[in-house]
Every structure is written in structure tokens, then in C-alpha cells.
Amino acid sequence: MTILATLGPLGSHPWQAAQLYDGGAEILLCNRIREVFAALAAGRADRAVVPIYNTREGEPQDFFRMMTAVADCHWVDNLVLPIHLCLGSLDGHSDLTTITGGVSELKQCEEYIALSFPDADLLATHDVDAAIRRLRREGRADVGVIEAEEILKARNLVVRAREIAAHNRTRFAVFARKPAATSGYDATALITEPLKDRLGLLVDILGEFSRRGINLADLRTDSDIKTQRLQIYIEAEGHIDDEPLAQAIARIERDIVQEPGVVRILGSFPRVDIRAKLIDGFGFIGTGDMSTWFARKLEGEGYRTLLAGRSTVLRPEELIRQVDAVVICVPISATIATVREYGPLLQEGQALILLAGSAENIVNAALDHTREGVEVMLVHNLWGPQAATMKNKTASVVRTRRSGALCSEFEAFLYKHGADILQDSPGRHDLLMGVGQKLPTSISVALARTLRENGITPEDINSHATLTSLYTILHMSRIHAQNDRTYAEIMAAAGAGMGLVRDFIASLSGLLTMAEAGDIAGLQEVMEKNRSYLREDFLRQNMNCALAVDEVISRRRHR
């Protein structure tokens with residue numbers, strides 16, 4: 001039989017957590033955390049269950065010393081237990097002059113005690129059973145005890161108030177003598193030895209995780225009692241066997257702290273979500289690279305994902321019945337037809353998220369072809385499936401009057417992974433995408449066509465290109481080196497951006513007429529008005545960027 005070591009007494013919240021973790025195990029009750037770890041290390045227990053974080057109290061005051069005690073153990077699992085604290089006493093009517101309980105329990109109930117018993121003395125105890133025996137022996141009906149209802153009733157105390165600390169949950173860590181294998185949705189806890197002072201040390205350490213796209217779920221620092229040097233505790237998402245995480249830790253030891261073995265791995269374990277998720281599963285209609293990219297990222301956050309398309313056994317109709325949020329990610333030209341076909345199948349309480357580069361017509365179609373209780377939101381990610389992370393990438397989010405909590409959860413996922421989120425209206429999105437995508441793409445395609453029709457070869461272009469003209473050449477090359485269907489979809493998408501291209505053509509025609517007439521003064525006047533409209537700060541900032549690019553290009557061209 002499995003033996004779990006945890007903190008007593010019988011019926012305590014740690015005891016309840018151990019029961020929840022393995023209801024068939026024998027539970028070994030200890031009075032202090034160090035006794036729990038000692039029992040595990042000595043082989044008297046197979047696993048240890050200890051509290052490490054409470055939503056009202058935070059982490060234990062001696063957290064770093066507790067982590068030092070796990071040198072011979074591995075953190076392998078977690079569970080979150082709702083904490084239901086009650087107030088009891090020998091009778092139900094005596095005035096209470098003293099409140100007793102565990103240190104953590106008293107801290108979790110500070111608000112209740114301050115409001116209900118502002119003048120009471122507080123008496124912390126490590127042994128609630130002994131304290132109850134003592135007050136019963138002394139007939140102390142004026143002493144209130146804060147504990148779980150199970151303990152109060154088992155000791156024949158009168159329960160005077162229930163749920164005296166609302167929104168109270170405790171995270172328990174499970175330790176074993178052997179490390180845990182990867183689950184696919186893991187986190188890794190590590191702690192440093194006391195570190196020597198070094199300018200920018202913490203920033204440099206954190207940067208190794210950030211640049212690899214590794215999210216930190218927790219970060220704590222403390223000063224070692226003996227040396228008064230900094231110690232750092234980090235909980236990073238991912239398993240220690242994951243290459244990016246292993247690389248980050250190796251570089252921290254080798255190049256930043258420059259001390260081998262200074263980072264101690266406490267363990268890797270299935271990630272715990274102390275914040276409740278509303279979405280269990282995402283279903284993607286469309287099986288292209290972008291759907292697969294998002295599905296993989298969402299799976300890394302613990303979500304269940306399904307994909308359905310023309311070539312899959314799973315049909316979209318079946319997919320919709322199995323998920324909370326449906327994501328349509330198909331070519332722009334097919335998005336409205338897809339919405340019309342599958343939107344009516346969504347039930348109230350589900351969400352429809354549209355991954356699309358055009359907003360107004362698509363959002364209107366989604367609102368028209370789904371029930372009123374279906375959430376609707378459009379997201380346009382301005383990156384492709386080649387991107388390693390979302391960090392510093394832009395996502396245009398178009399919320400609707402029916403964007404609710406499920407849509408907000410997807411938006412929070414984008415934010416967590418570092419995306420720069422722009423909140424747009426449908427019309428504004430389409431107009432600005434005309435500036436960012438449709439117009440530059442149209443110019444690049446027209447430029448390449450013009451060069452082709454005039455017989456200007458790549459060799460001619462390279463021999464006569466200046467640094468200024470090279471920007472246009474580079475963009476033209478970038479467009480034509482990638483998926484032509486994607487850019488054809490961008491050019492053909494309806495909306496305000498199309499009007500922007502028409503306005504550009506009209507403006508270009510007018511400028512050509514002025515140029516052919518030799519109206520230099522008129523052309524200068526247009527440029528002066530443009531310069532004033534664009535503002536000096538905008539021009540200076542982008543000119544500095546251009547000069548930096550010029551320097552890089554010049555070095556490469558002259559190698």
C-alpha cells in the first residue's frame with residue numbers, strides 16, 4: 001500500500017489533500033514540514049503532500065528553507081484544494097476573548113477576525129488537537145478555534161460560523177524519491193544556491209527564459225540566512241527534458257552566474273491551474289499550417305484541440321459538438337461560406353473565433369449566422385506559421401457585442417505568449433490592414449509585373465539599385481518568395497482596404513500627370529504637405545530605423 005506523509009491532525013486540510021490525491025493510501029501524519037520530508041527521504045513514506053501556496057496567505061514564510069529540505073526528493077505533482085474554514089468553540093453563546101488556530105489558518109482569516117472579533121487575542125498553535133484538549137480541560141468557553149469543520153465536529157466543538165475566509169484555495173505539492181516523466185503539459189521548479197552580487201544578475205537570468213519563449217509561472221527571491229546572499233526560486237513552464245528549458249538553465253550556470261551546479265532542479269510536474277479555465281477544448285475548422293500552429297500552442301497550455309477539414313475523418317459537424325470554442329481558419333475567400341455553413345450549428349454558450357485577415361464582412365456574417373448566445377470575435381495574427389513564438393508579434397483583435405468570457409480567455413492566451421494586442425473595430429481593421437498588407441502587396445506585385453513586362457532582369461535590378469530603391473525591391477522579393485495564394489487572398493479581400501488601393505491608384509495617376517508636365521513646384525508642394533501630415537517625430541524615428549537597415553545592407557553588399 002502507498003504511504004503518504006503530510007501534516008496532521010486527522011481531518012486537517014493537508015490530510016484532506018492527501019486523501020484527495022490517493023484515497024486508498026495510508027496517511028502518515030506529522031507535526032512539521034521537516035518531519036514530512038524526513039519520512040519520505042528515510043523511506044517511511046512513498047510520497048509527501050505539503051502546502052506551498054494559499055490564495056489568501058501567499059507562500060509560507062519559510063518557503064526557501066522548506067525547499068532546501070527537499071534535497072533528496074523530487075517535486076512530481078500538484079493538487080489544488082478548496083479550503084473551508086470554520087469557527088468553533090465549547091458552546092455556541094459565550095463571548096470569545098481569544099482565537100486560536102494554526103499560523104496559516106489565522107492568517108487566512110485575518111479579515112474575518114478583524115471585523116468580528118477586533119479585540120480578541122490571537123494564539124497560534126502547531127498542534128490544534130493539543131490546544132483543543134487544553135481548552136476543554138480548562139473549561140475555556142471564551143476561546144474560539146479556527147479549523148476545518150470536520151476537525152471541529154470530530155472534537156465535539158460547536159460550529160459557530162462557516163466559510164469565514166471566502167475564495168480560499170491551497171496548492172499542495174507532491175514529492176517523491178524519483179523524478180516524474182513528461183506529461184506534455186508540465187512546469188519545472190528550480191532554486192538557486194545563494195548567489196554572488198553581480199550587476200543586472202536577475203534581469204540577465206530572466207532574459208534567458210524570455211528569449212526562448214518560456215513563460216515563468218512564479219518568481220520569488222529571498223536572502224539566505226547565513227550569507228545574506230540572494231536566492232531565486234523560479235517555476236518555468238515546460239519539462240526539464242525540453243531542450244529550450246535545459247538550454248536556458250545551462251547558459252545561466254555557464255555564462256551568467258558562472259558557477260556549475262548553482263541551479264538546483266526541484267522537479268518537473270504536470271502544470272497546475274489555480275485559476276479556473278472556462279474552455280476545455282478548441283476545435284479548428286481548417287487544417288492548414290496556421291491552424292496546426294495555434295493548436296500546438298493551445299495544447300501547450302493544457303487545452304484539448306481538434307482539427308477538421310476536407311481531408312479529415314473527423315467532420316466539422318462532429319467537431320463542433322465536442323468543443324467549447326470553434327476556430328475558423330481557412331483562406332479569406334472561403335471564410336464567409338464556411339461561417340454560413342457551420343455557424344448555425346454552434347449552440348448558445350459556445351464561442352466562434354475567426355482567424356482571418358479581413359473583418360467587416362466576415363464579422364457581420366458570423367453575427368448573422370450564429371445564435372444570439374454564441375460569442376463571436378475575430379483575431380488577425382500578423383505573423384505566419386514559421387514564427388517560433390508570439391512574443392512582440394502583433395495581433396489585431398476585433399471584439400463584438402457578443403464577445404464574452406470565452407473570447408477573453410483566448411485573448412488572454414495571446415497576451416500571455418507576448419503578443420502585442422491591438423483592439424480594432426471591423427472597419428478600422430480593414431482600413432489599417434490596407435495600409436499594412438493590401439497596399440504594399442499590390443504595389444509589390446505591380447512592380448514585379450512592370451519589371452517583367454519591360455524585360456528588366458534581376459541582374460539589371462541589382463546593378464542599378466540604390467539603398468533607397470532597395471527597400472521596395474526587398475519587399476517585392478519577400479512577397480514573391482512566399483505562398484502566392486496567401487498574398488492573392490490579401491489583395492482580393494473586400495473591405496475598406498480595397499478603397500485605399502483605389503485612392504492610391506488615383507493619386508499615383510495624378511502625380512504622373514504632374515511629373516509628365518514638369519510641375520516640379522507642384523510635386524514639392526505635395527511632398528511638403530505629406531511631410532507636415534506625417535509629423536517630424538514619426539519621420540525621424542523611421543529614418544533612424546532606415547539608416548540602421550542601410551548599415552546592415554551595406555555591409556552585406558560589400559562582403
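**Close-up views of a predicted model**

Residues 24 or more positions apart account for 73% of the contacts in the protein with a separation of 6 or more, a contact being heavy atoms within 4.5 Å. This is a predicted model, so to speak of local features we need pLDDT of at least 70, side-chain atom pairs count only at pLDDT 80 or more, and totals for chains, interfaces and linings use all residues. Residues are numbered from 1 along each chain as its sequence is written, and side-chain values use heavy atoms, with hydrogens and water left out.

**View 1. The whole protein, with its 21 helices and 21 strands.** The radius of gyration is 32 Å, well over the 24 Å that the globule rule gives for 559 residues, so the protein is more spread out than a compact globule. (That radius is taken over C-alpha atoms, and the rule is 2.2 Å times the number of residues to the power 0.38; helices, H or I with at least four residues, and strands, E with at least two, are DSSP runs numbered from the N terminus.) Along the principal axes, the C-alpha atoms fill a box of roughly 110 × 60 × 50 Å. Buried residues make up 43% of the 559, where buried means under 20% relative accessible area, exposed over 50%, and partly exposed in between (1.4 Å probe, protein chains only).

**View 2. Phe-282 in the largest nonpolar core.** This core has 28 residues, and Phe-282, Phe-294, Phe-410 and Leu-414 touch the most other members. At least two residues each come from β15, α10, β17 (325-328), β18 (351-355), β19 (375-381), β20 (394-399) and α14 (405-416). For the record, a nonpolar core is a set of buried Ala, Val, Leu, Ile, Met, Phe, Trp, Tyr and Cys residues joined through side-chain atoms within 4.5 Å. Leaving out residues up to four places away in sequence, Phe-282 touches a list of residues including Leu-298, Tyr-303, Val-327, Ile-353 and Phe-410.

**View 3. Lys-297, a lysine in helix α10.** With a relative accessible area of 19%, Lys-297 is buried. Not counting residues up to four places away in sequence, Lys-297 touches Ala-388, Thr-389, Met-390 and Phe-413. Take Met-390: it sits 93 residues from Lys-297 in sequence, yet the two are 9.8 Å apart in space, C-alpha to C-alpha.

**View 4. The buried residues of helix α13 (residues 360-368).** Look for Ile-362, Val-363, Ala-365, Ala-366 and Leu-367, which are buried. Their cover includes α12 (332-342), β18, β19 and β20.

**View 5. The salt bridge between Glu-301 and Arg-271.** The structure holds 28 salt bridges, each a side-chain nitrogen of Lys or Arg within 4 Å of a carboxyl oxygen of Asp or Glu. Here the N to O distance is 3.5 Å. Glu-301 lies in the loop between α10 (289-299) and β16 (304-308), and Arg-271 in the loop between β14 (263-270) and β15 (281-285), so the pair ties together parts that are 30 residues apart in sequence. Both ends are tucked away: Glu-301 is buried at 7% relative accessible area, and Arg-271 is buried at 14%.

**View 6. Two further pairs and a network of salt bridges.** Glu-149 and Lys-153 meet at 2.9 Å, N to O. Both lie in helix α7 (residues 149-154), four residues apart, about one turn of the helix. Lys-153 is partly exposed, at 45% relative accessible area. Asp-142 and Arg-140 pair up at 2.8 Å, N to O, and Arg-140 is partly exposed at 29%. The network links Glu-208, Arg-211, Arg-212, Arg-251, Arg-254 and Asp-255.

**View 7. A nonpolar surface patch with helix α19 (residues 496-516) as its main contributor.** Ile-443, Phe-504, Ile-505 and Leu-508 make this patch of about 330 Å², and α19 gives three residues. Patches are made of residues with over 30% relative accessible area and no salt bridge; like charges are joined within 9 Å, nonpolar side chains (Val, Leu, Ile, Met, Phe, Trp, Tyr) within 5 Å. Ile-505, in α19, counts as exposed at 53% relative accessibility.

**View 8. Ser-442 in helix α15 (residues 426-453).** At 16% relative accessibility, Ser-442 counts as buried. Neighbours within four places in sequence aside, Ser-442 is in contact with Met-491 and Val-501.

Technical notes: Accessible areas come from the Shrake-Rupley method with a 1.4 Å probe; for residues, only the protein chains shown count as cover.
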